[in-house]
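Trainee: I would like to go through the terms used for this model and see what each one rests on.
Mentor: Ask about them one at a time.

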Amino acid sequence: MRCMRTAFRAATLPLAILLASSPVAAQDLRSELAADMPALMELYRDLHAHPELSFQEEKTAAKLASLMREMGFDVTEGVGQTGVVAVMENGEGPVLMLRADMDGLPVNEQTGLPFASLDRGIPESGVESGIMHACAHDTHMTAWIGAAQLLSGNRENWQGTLVMIAQPAEEIGQGARAMLEDGLYQRFPRPDYALAFHNAAQYPAGMIGYVPGYAMANVDSVDITVHGEGGHGAYPHMTKDPIVLGSAIVSRLQTLVSRESNPGEPAVVTVGSFHAGTKHNVIPDDAKLQLTVRSYSDESRKLLRDGIERIARGEGVVAGLPQDMLPEVKFADHYTPAVYNSPEFTERAMGVLTTRFGADRVKEVAPVMGGEDFARYRRADPDNVQSLLFWVGGVPLEDYEAAQAGEKNLPSLHSALWAPDAEKVIATAAESLAAISMNVLAPQ
């Protein structure tokens with residue numbers, strides 16, 4: 001019998017020991033997980049109360065690394081700055097990588113939970129703020145530990161190599177790249193399959209959603225500096241007004257999606273920031289625009305990027321600016337590539353989950369324009385790595401039904417109010433990750 005069931009009630013053992021187990025039959029995953037849930041929820045509450053910002057996840061990483069060592073994994077810390085890689089070799093077979101992300105967001109929590117985060121920190125912006133797991137990466141990490149527990153305790157039922165990674169800095173789109181650049185695929189077994197899940201704030205708790213093919217978008221951040229010749233607001237004819245020029249650029253950019261992109265290929269060009277001027281009657285010397293640009297395919301991404309540069313320069317020419325004063329377009333050095341779910345792997349995995357949970361809980365859903373740097377693990381070796389990221393709904397059922405009836409507005413991911421039904425998310429996701437893993441690594 002598993003020692004967790006009685007040891008947790010006694011509350012006399014550390015969490016790492018509570019998460020130790022002896023092997024049981026693979027078909028008992030659900031009952032086995034149910035015995036683990038009290039300790040997993042204790043871990044969840046601790047992670048939620050003490051989030052850490054991107055590339056600052058030192059205590060979180062150390063906690064996860066310690067738990068993985070207790071389960072028998074070979075653990076390496078500090079991969080890609082604060083990332084953790086835990087490897088378990090269990091005979092000949094495929095290599096499967098399971099990924100969880102660790103970072104919180106610079107958000108002042110307003111959920112009212114008894115274990116709400118009171119921690120504060122300084123993100124990239126340099127402005128101190130509260131920290132919150134407003135994207136619920138705490139559920140991701142806890143389910144990842146739960147899946148590791150199930151798999152480590154059932155080694156007689158699978159064969160191959162598990163590579164489990166706790167990734168930093170997903171929220172700023174840099175953690176996966178940092179781990180890959182630190183030799184993830186050279187220092188550790190290279191995966192044949194990469195698997196992850198994300199909680200969802202639009203689906204009822206426990207629902208599983210999936211998309212074959214493109215599931216999430218390329219994300220580019222763009223800065224445009226519009227130059228002009230400032231002067232008195234009463235004498236605009238003596239200036240080159242960068243606000244008027246910037247406005248023309250904003251309007252023209254909308255035609256990239258409406259008139260240049262294939263209507264069958266989703267694309268987004270949003271100007272999220274427009275800053276210019278200091279006073280009512282002063283025309284400034286410049287204006288600054290900040291854009292987010294979303295696409296799926298590399299071809300669509302190139303069309304949008306090229307179009308932004310062309311429109312910005314073209315509007316500058318129309319405004320009569322000389323060559324040395326044309327608008328400057330700068331693309332951020334890092335971007336988040338589109339998540340592509342390998343159709344064959346997706347079909348196989350969702351078949352496993354449909355059999356386990358039923359078709360009423362496992363549903364194909366529409367792709368979204370959000371971004372996730374999990375995409376990089378497949379993109380680093382697209383000919384050899386099949387990947388899948390699926391969603392697990394987190395909206396408490398009562399809230400979901402009220403929203404469906406038009407009686408309530410639901411908070412989104414990154415909201416200070418987002419409080420998923422964590423127990424349902426963790427139980428569903430941990431069982432899903434373990435069941436898919438045992439299918440992929442089934443002895444031949």
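Trainee: Why does A61 count as buried?
Mentor: Buried means under 20% relative accessible area, exposed over 50% and partly exposed in between, with a 1.4 Å probe and protein chains only. A61 has 5% relative accessibility, so A61 counts as buried. The model is a predicted one, in which local features need pLDDT of at least 70, side-chain atom pairs count only at pLDDT 80 or more, and totals for chains, interfaces and linings use all residues. Residues are numbered from 1 along each chain as its sequence is written, and side-chain values use heavy atoms, with hydrogens and water left out.

Trainee: Where is A61 found, and which residues is A61 in contact with, leaving aside its neighbours within four places in sequence?
Mentor: A61 is in helix α4, residues 58-70. Helices are DSSP runs of H or I with at least four residues, strands are runs of E with at least two, and both are numbered from the N terminus. With those neighbours set aside, A61 is in contact (heavy atoms within 4.5 Å) with E77, T82, V84 and M102.

Trainee: At what angle do α10 and α13 pack, and what are they called in relation to each other?
Mentor: Helix α10 (residues 343-357) packs against α13 at about 120 degrees, with the axes 10 Å apart. The two helices are therefore oblique to each other.

Trainee: Why is the protein called as compact as a globular protein of its length?
Mentor: To begin with, the protein has 13 helices and 18 strands. Its radius of gyration is 24 Å, close to the 22 Å that the globule rule gives for 444 residues, so the protein is as compact as a globular protein of that length. The radius is taken over C-alpha atoms, and the rule is 2.2 Å times the number of residues to the power 0.38.

Notes
Axes are lines fitted to C-alpha atoms, for helices over the stretch in contact, and angles run from 0 to 180 degrees between N-to-C directions. Angles under 35 degrees count as roughly parallel, over 145 as roughly antiparallel, 65 to 115 as roughly perpendicular and the rest as oblique.
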